[in-house]
Amino acid sequence: MVPFLDLKAINGQYRDELVAAAIRVIDSGWYIQGEEVQAFEQEFAAYCGSTHCIGVANGLDALTLTLRAWKEQGRLKEGDEVIVPANTYIASVLAITENRLTPVLVEPDEATYNLCPKKAEEAITSRTRAILPVHLYGQLADMPAIMDIAERHKLLVLEDAAQAHGASLYGRKAGSWGHAAGFSFYPGKNLGALGDAGAVTTNDDELAQTLRAIGNYGSHKKYENLYQGVNSRLDEMQAAMLRVKLKHLDAETQRRKEIALAYACGISNSVLTQPIPANSTVESLENHVFHLNVIRTTAREALQSYLTDAGVQTLIHYPIPPHQQKAYAEWDIQAYPLTEAIHQQVLSLPISPVMTDDQVQAVIDACNRLRCAEA
Ligand SMILES: *Cc1c(COP(=O)(O)O)cnc(C)c1O
């Protein structure tokens, strides 16, 4: 059996370090807004190459509170339009609607599943104020093109980097391209806590200050409140866990890339399209950290049930696009044929840093056998 993601095995690799860190927090007697959070924020900001990292409760809050902070600063107002890829995970869209901003869904680039700069620019109106690119499945969006558009149209850019810790282009990492970026440390993410956690990175001093206040009841100073804020903080225990796991992130990413390359070379079944060409190299994959290894096939149901029978667990990211969710039933929305096709055809193969070579080969063999079985 090849499990999709074995979190127990992933965290088990660092059991001793995690236990030592947990004991350090327990014995410190200090559990909120202390040294662990401060240290993690510095370490993660340095890792991303940004000036500030602000810990928050989860990835959705990282996105929601950044947009909220821009509203408090007068840089956004209710009804402003925010461009976002139509095929994203629902959280990117929730962050926009929670702030009573208007999401403008744009079809993605078919090869990368990421925001298509050309279609994004075509979607700009006089009410557009921001772009929210998503580094979906771990692959950096086309940030040079997106930042160029943003500059020409004076738009804010918020990266949804929840799936892309460490992805980079020209040596510049996810989280350091936009005016701000939201990260999730949900346990299953590439950098995962042992509970909920998230962070915003930014080079904007004023935004960092506003965000810290909003996430702490709107308080910049004890018992004084500038904003009608919320409680959204990264806690000491999760920060301590994340400090341990950040040290191992690059090695884990390396293993993810090896597995993705093994799939790209080993799987030769024409019923499915792989995310990267067979001649890719580790060097050519700087911009992809393979949070997910997503293949595309019109025979998804057959492939998934075949793989299940062969002992390979697969998942679908994601079965229903945001515009077809009941939560947004009130939207009188046009069709997004490419997005809808993607949601009907994608399938995620197991990819995690603890997979053995035998397990990787078992996935490859199962994918290749289907052709014979079905032909
Ligand atoms: C996981 C995820 C989020 C939300 O993060 P949480 O920590 O679960 O709130 C947002 N955007 C994307 C693309 C995600 O994958």
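Side chains of opposite charge can pair when their charged atoms come close. Aspartate 80 counts as buried, because its relative accessibility is 4%. (Buried is under 20% relative accessible area, exposed is over 50%, and partly exposed is in between, using a 1.4 Å probe and protein chains only.)

Before going on, note that this is a predicted model, where local features need pLDDT of at least 70 and side-chain atom pairs count only at pLDDT 80 or more, while totals for chains, interfaces and linings use all residues. Residues are numbered from 1 along each chain as its sequence is written, and side-chain values use heavy atoms, with hydrogens and water left out.

Domain 1 gives 37 residues to the contact and domain 2 gives 32 residues, with contact meaning heavy atoms within 4.5 Å. Together domain 1 and domain 2 bury about 3,100 Å², and 59% of that is on carbon and sulfur atoms. Buried area is the accessible area (1.4 Å probe) that two parts lose on being put together, summed over both.

Across this interface the rule finds one salt bridge. Arginine 296 and glutamate 110 also pair up through their side chains in a salt bridge, at 2.9 Å from N to O. Between domain 1 and domain 2 there are 20 residue pairs in polar contact, both residues at pLDDT 80 or more. A polar contact is a pair of N or O atoms within 3.5 Å; within protein, one must be able to donate a hydrogen and the other to accept it, and residues adjacent in sequence count only if both atoms are side-chain atoms.

On the side of domain 1 that touches domain 2, at least two residues each come from α1 (7–12), α5 (90–98), β3 (102–106) and β6 (168–169). The largest share, four residues, belongs to α5. Helices (H or I, at least four residues) and strands (E, at least two) are DSSP runs, numbered from the N terminus. By type, that side of domain 1 has 20 nonpolar, 13 polar and four charged residues.

Two residues are worth a look in the loop between β2 (81–85) and α5, and threonine 88 is one of them. Threonine 88 counts as buried because its relative accessibility is 2%. Its side chain makes a polar contact of 2.7 Å with the side chain of serine 92. Setting aside neighbours within four places in sequence, threonine 88 touches Val93, Val134, Leu136 and Pro322.

Asparagine 87 sits in that loop between β2 and α5 too. With a relative accessible area of 2%, asparagine 87 is buried. A polar atom of the asparagine 87 side chain lies 2.9 Å from the backbone oxygen of tyrosine 113. Beyond neighbours within four places in sequence, asparagine 87 is in contact with Pro108, Tyr113, Leu136, Thr339 and His343.

## Salt bridges elsewhere

The structure has 17 salt bridges. One of them brings the side chains of aspartate 204 and arginine 75 together at 3.1 Å, N to O. Aspartate 204 is in the loop between β9 (198–202) and α8 (205–214), and arginine 75 is in the loop between α4 (59–72) and β2, so the pair ties together parts 129 residues apart in sequence. Both ends are partly exposed: aspartate 204 at 22% relative accessible area and arginine 75 at 34%.

Arginine 255 and aspartate 357 form another, at 2.9 Å from N to O. Here arginine 255 is in helix α9 (residues 236–266) and aspartate 357 in helix α12 (residues 357–374), 102 residues apart. Arginine 255 is buried at 16% relative accessible area, whereas aspartate 357 is exposed at 56%. There is also a network of salt bridges linking Arg24, Glu36, Glu43 and Arg243.

## Around helix α8

Aspartate 204 also caps the N-terminal end of α8, with a side-chain oxygen 3.0 Å from the backbone nitrogen of glutamate 206. Within α8, the buried residues are Leu207, Ala208, Thr210, Leu211, Ala213 and Ile214. Their cover includes β1 (52–56), α4, β8 (180–184), β9 and β10 (219–221).

Key. A salt bridge is a side-chain nitrogen of Lys or Arg within 4 Å of a carboxyl oxygen of Asp or Glu. Ala, Val, Leu, Ile, Met, Phe, Trp, Tyr, Cys and Pro count as nonpolar, Asp, Glu, Lys and Arg as charged, and the others, Gly among them, as polar.
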